[in-house]
Amino acid sequence: MKAIQAWKSASWKIKAAIILATLYLIYALLGFFLAPGLVRDNASQALSDLTGRQVTIDEVKINPLVLSATVNGFSVADEQTGVLAGFDQLYVNFQLSSLFRWSWHFDEILLDGLTLRARRNPGNQFSFDDVIAHIEEQIAADTDDPEPDEKQEDEGLPAISVASMGLTNGDLQFTEASGGEPHELTLPLAFTVANFSTKAKGETGQNDYAIRLEGPDGGALDWKGQFEFTPFTAQGTLSVEKVDLVALAKLARNEVRFTVPSGELDVNMAYHFESEPEPRVVLSDGEVMLRALQLLKPGEDTPSLDVPQLHLVKLGLDSLAQEVTIPEVTISEPKVAAVLDAQGVDLATLFLPPDEDKAEERAEAVKQQAQEAAERIQEAETLWKVKLDTLKVNGSQVAFTDRTLSPAQTVNLSDGQFTLTNLVFGEEATFAWEGSGTVQQAGKLTHSGEGQLAPLSISAQASLNSLPVVPFSPWLENQVPLSLASGQLGADVTATVKGEEPVVDVQGSATLSGFDLLENGQSLLKINNASVSGLSASTGNQSLRIKEVALTGMDMLHRMDEQGRDAGARIAAGMKPSSGGGSDDSGEPWQVSVDRVRIIGSQVRHEDQTLSPNFRMGLYEMSGNLFNLDTRPGRKATIDLTAQVDRYAPFSIKGTLTPDPLFTDMKISLHNYEMTGLTPYTGKFLGYKVEKGQLGVDTGVSIENNHLESRSDILADQFYLGEGVPSEEAVKAPVKLGLAVLRTRSGEITLPVKMSGQLDDPNFSVSGMILKVIVNVLVKAATAPFSMLAGLAGGENLETIPFVPGSAEPDAQTHSSLEALAKVLNERPDLKVALVGTTDAADRRAIAGQQIGQDVEGDDWSGIDLALQDKSQRRKLIRRYESRYDREAETLVSEPLPEDREQRDTLLARAAWEAMLEQEAAAIAKDPLVELSRLRSENAKAVLVQQFGVTQSRLYLNQSKVDGEVSGLTLKLEH
């Protein structure tokens, strides 16, 4: 009652104070004890509904006295990372001064212990994908929200100001688990913003911010500046210092095929952003420093890329103008190591995912993008203009290792220097470059050029000196059974590339010195000096022209092995099959022309190992020219070469030829070649070694419409065969005799050899035909010598010399034949003749006739013809027959006898003569026939020696032959 009484009696000021105190107490009690629980529970539930995840808030504290709130232990649950997002404490301090500022003013907003965690799983799925999807579903389902008021939108951001905002002890944790062992990256987070205001307009000290990210293994990102709202602008600096790239690269290990063993990055730049009138980002004074960067392919010891230092200065970017400027980039002592294996060059695949399916997809996408970019560059229609003022590369090294070879081989480019200026993408501009380097520690390379990308037009010059070719031998050996023993290459080249469908034109020259090409360790081709001058090639008209090819001191070996294969056949047999699926026959063939091929002081050696002993022949001191070699149809080339066969025998070849269609008209000449070198051939095909002799050949060869015509005049001077050589392939004929038949008095053998055949006939061989013709001539001379000598005897075949049957005395015809034989022997001094006295059936008849005549008429017998004219002798012939054979002569005649006595006796006498001759010729004894044969040969030798001056030692009397095929002499030639 007293309290009521006191209340009633109190003044209104006291009452007002008490009411305010009570309300303040209630406010304090609600703020301290009731509101925190309500806020915690309602916020947890609302956020859980929003994210679809369990949201936990450990504690909410509200201090209504100082208008501050503290939230402790906030977290959004995640099954994979434990926590998707969370923080240890959020402190917010609101100021009542907002009532006087006409804005919401906070004295301090501080976030401590913020943690953000994300995980990427296989299939490029992230641990927060379900949260995003849940939020999007809620937004899509909420269709009751009214359309925003355009006037309200134009009012911009509410007036909010914060004296100090900050994040301490934060971190961002990302787990890469898309493949292989999971890898975690944790980045510390911290930032401060001073005097934040959504309404500040260029006031000093307003909206200053500083953000700092520290790398897991050192290094930090500092982002400082100032921003404004309505319209939004921001400017400041971005600094990245000593950021270790090793940990960052681990996040991409499932996206690329390399690791980063080392690398450190510095970035400094100023930036400015404005949202109106159009969004625009401007970067200026950019500087990028990359140190000790290495890209290492797993399983390798040597980095694929090693960049000790890359320095980029004064980088600028303007997003509104779509322009990037790079005044200077310097790369110091970079090293590139490329490896070729069965999958290709590793540099082309380093930035592809390890998964083959993904790699194929990305490669195809990159290929498409590159093609589109190339088309835009070609048309100068790039979205952005990029200008690089200067690029310098100092002390570069490039190593290319080919592991498709066994053992693997490496080619190096060292001491590389390169400068590129004024390279612009997006507009027409002329760039230029120059560079140099050392190839394989010896070859000096320099290059330079200029051009523009749109429209494409590039001109370049390059020079290469003293490049050793031996290091490239393994690549040659991998394809063919050849190797390089020595040689140095040089070249000077200028080239241009122009047009939408680029046409490449090349001009230049090249040299090769000290070159030695081996086949199975044996020198196949040596060249002291070779040069190509006046070279010009164009992909536009597919032409290649060379003004001159000069070969000095060439030494080539053409060797036929034991299997009969030449170098071409052996190389073809040893070549690896092409993996390209066959040659590309599309398009027109290239037109190739060489104005002149000049050969000086060279030699070509031939060795045939199919023969035993091996046949060897060489063209030495070879010099000459080939003019106007051209692959175009109908173009005729001329050839004029001279040489010394085996260093002493003059050789020449002159004429014209056309490759397409094949046409030749050649004259080939060889003189005074010592034929002892042909012993391997004569031993195999003739069965004898060559004792001595010199060979001369003059040949005319023509080829037209694939038909070959050849005429050769072969002269063998003093050609004699020596010792015999066992050979199953030797002709079975007295070839020495054949040579003697062919050899003239002066010791010469001349053979005109004609040859004709179709080159497309598989059975036609030029060398085989020549050999066949020569052997046939020798065989004919050996087996039918008199037919070969008929020309010397006036066309007479002297194989036999006739005598009068029954007579040993040479008559006029016999003398004539003996005289012809003497002429032959005079022209063929190496021949000897065996005289064989011969009788035949005519001689028997002649002797029998002489005996009958002696019986009939004695020494007065004058022959049957005169006897038949004499009545007495007719009667004697008839009586001799009838008395000796006891038969009537009339029995010899089958037809009726004439009535006339004389006619009758003549007919009977003739019949009796023939009957007696036949019977008595068969009964002639051998001795008179032998004696007749002997006398014939003796008389013939006497005539040849005494009358025709034949040396008697060249004439031999062989054993007589009775009942032969000739009545006279049979001659046999010997040597």
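Glutamate 621 counts as exposed in this predicted model, because its relative accessibility is 54% and the cut-off for exposed is over 50%. Look at its backbone, too: phi is near 50°, a positive value in a residue other than glycine. Glutamate 621 sits in strand β28. Lysine 314 belongs to strand β14 (residues 305–318) and is exposed, with a relative accessible area of 53%. Most residues other than glycine have a negative phi, and most peptide bonds are trans.

Serine 612 and proline 613 are joined by a cis peptide bond, with omega about 0°; proline 613 lies in the loop between β27 (591–608) and β28 (615–630). The bond from serine 406 to proline 407 is cis as well, with omega near 0°, and proline 407 is found in the loop that runs between β18 (385–402) and β19 (409–425).

Now move along to the helices. The axes of α17 (residues 871–885) and α18 come within 8 Å and cross at roughly 50°, which means that α17 is oblique to α18. The crossing is left-handed. Residues of α17 that meet α18 include Leu877, Ile878 and Tyr881, and among their counterparts in α18 are Leu908, Ala912 and Trp913. By class, this contact has ten nonpolar, two polar and eight charged residues.

Helix α15 (residues 841–857) also meets α18 (residues 901–922): their axes come within 8 Å and cross at roughly 115°, and here the crossing is right-handed. The contact of α15 with α18 has seven nonpolar, one polar and four charged residues.

Methods: Residues are numbered from 1 along each chain as its sequence is written. This is a predicted model: local features need pLDDT of at least 70, side-chain atom pairs count only at pLDDT 80 or more; totals for chains, interfaces and linings use all residues. Side-chain values use heavy atoms; hydrogens and water are left out. Axes are lines fitted to C-alpha atoms, for helices over the stretch in contact, and angles run from 0 to 180 degrees between N-to-C directions. Helices (H or I, at least four residues) and strands (E, at least two) are DSSP runs, numbered from the N terminus. A crossing is left-handed if the near helix is turned anticlockwise from the far one by less than a right angle, and right-handed if clockwise. Ala, Val, Leu, Ile, Met, Phe, Trp, Tyr, Cys and Pro count as nonpolar, Asp, Glu, Lys and Arg as charged, and the others, Gly among them, as polar. Angles under 35 degrees count as roughly parallel, over 145 as roughly antiparallel, 65 to 115 as roughly perpendicular and the rest as oblique. Contact means heavy atoms within 4.5 Å. Buried means under 20% relative accessible area, exposed over 50%, partly exposed in between (1.4 Å probe, protein chains only).
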